[in-house]
Amino acid sequence: MLKRVHFQPSVLPYLLVAPQILVTLVFFLWPAGQALYQSVLIEDAWTGNSEFVWFENFQLLFEDTEYLSVFYRTGYFAGAVALTAMFFSLILAGFADRIVKGSTIYRTLLIWPYAIAPVLAGALFVFMFDPTLGILAYGLKLIGIDWNHKLDGDQAMLLVVIAAAWKQIPYNFLFFLAAMQSIPKSVIEAASIDGAGPIKRFWTIIFPLISPTTFFLLVINVVYAFFDTFGIIHALTDGGPANSTTVLVFKVFKDGFVGLDLGGSAAQSVILMSLVIALTVVQFRFVERKVEY
């Protein structure tokens with residue numbers, strides 16, 4: 001006969017989750033609610049006066065061709081950053097999984113860039129690719145590439161993509177490496193005995209088995225590109241030249257804190273938040289179906 005276990009009511013579980021709930025309320029729900037409220041207002045940044053205008057801020061945004069171009073540019077930027085960061089981190093994790101001697105040093109060096117603040121990562125690339133003083137810009141000129149991201153919008157976009165992807169590679173590397181090391185070695189050895197080479201073993205065995213991790217990182221990298229790249233862009237290009245690297249999160253700052261259009265900036269933040277939530281739902285709804293658990 002089975003005995004049912006009854007636990008006495010305790011306040012301990014609520015106390016343990018209370019800090020996380022408090023953090024969520026203070027740093028997510030309250031700012032999100034404030035943004036929703038401000039998005040239907042036109043506010044005077046100097047006097048604090050406001051006027052309720054319903055959805056006029058959103059209407060003006062979607063009638064603005066410049067905002068629509070920023071919208072499309074952000075999609076390109078997010079896709080480029082996510083794919084670049086995941087591609088190179090997957091390759092590095094594959095090599096790290098095979099290294100036996102000196103593996104600890106190799107992995108530590110790869111993880112270090114993640115500890116750098118985004119604005120410092122942007123500053124590093126500023127010094128390396130400065131058209132006048134940058135050592136990498138000088139090297140590019142030696143091979144016939146006239147590098148000047150301060151004047152060329154395509155070069156500026158390429159640079160911020162590289163910088164943002166470089167900052168995210170260590171995070172992806174940790175998860176890919178952990179996923180690869182969780183695969184039973186007997187499976188890899190059996191495929192090797194059957195004559196499968198390293199590349200075939202990777203694409204037919206390793207990559208399908210780490211697909212849950214890949215899916216998780218895809219979601220994280222898209223969210224990162226939409227939100228956490230502000231510091232890199234601000235330090236590296238300040239949205240220029242000619243707004244060629246202005247993405248949605250940077251435009252929210254530029255219109256709100258520089259242009260003092262508080263209502264329009266709040267409407268942009270609401271759109272950005274809704275877009276990221278929608279992309280996450282789509283990824284979980286459709287992309288996850290192809291993931292093998």
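**Around phenylalanine 77**

Once neighbours within four places in sequence are left aside, phenylalanine 77 is in contact (heavy atoms within 4.5 Å) with Met157, Val160, Val161, Ala164, Ala225, Thr229, Ile233 and Val247. The model is predicted, so that local features need pLDDT of at least 70 and side-chain atom pairs count only at pLDDT 80 or more, while totals for chains, interfaces and linings use all residues. Residues are numbered from 1 along each chain as its sequence is written, and side-chain values use heavy atoms, with hydrogens and water left out.

Phe77, together with Val81, Phe226 and Leu236, touches the most other members of the largest nonpolar core, which has 37 residues; such a core is a set of buried Ala, Val, Leu, Ile, Met, Phe, Trp, Tyr and Cys residues joined through side-chain atoms within 4.5 Å, where buried means under 20% relative accessible area with a 1.4 Å probe, protein chains only. Helix α3, covering residues 65-98, gives the most to this core, with 7 residues. Another core lies apart from it and holds 20 residues, among them Leu90, Met180, Ile188 and Ile205.

Turning to the chain as a whole, there are 13 helices and 2 strands, taken as DSSP runs (H or I of at least four residues for helices, E of at least two for strands) and numbered from the N terminus. Of the 293 residues, 39% are buried, and among contacts with a separation of 6 or more, 68% are accounted for by residues 24 or more positions apart. The C-alpha atoms fill a box of roughly 80 × 75 × 30 Å, taken along the principal axes.

Note on methods: Buried means under 20% relative accessible area, exposed over 50%, partly exposed in between (1.4 Å probe, protein chains only).
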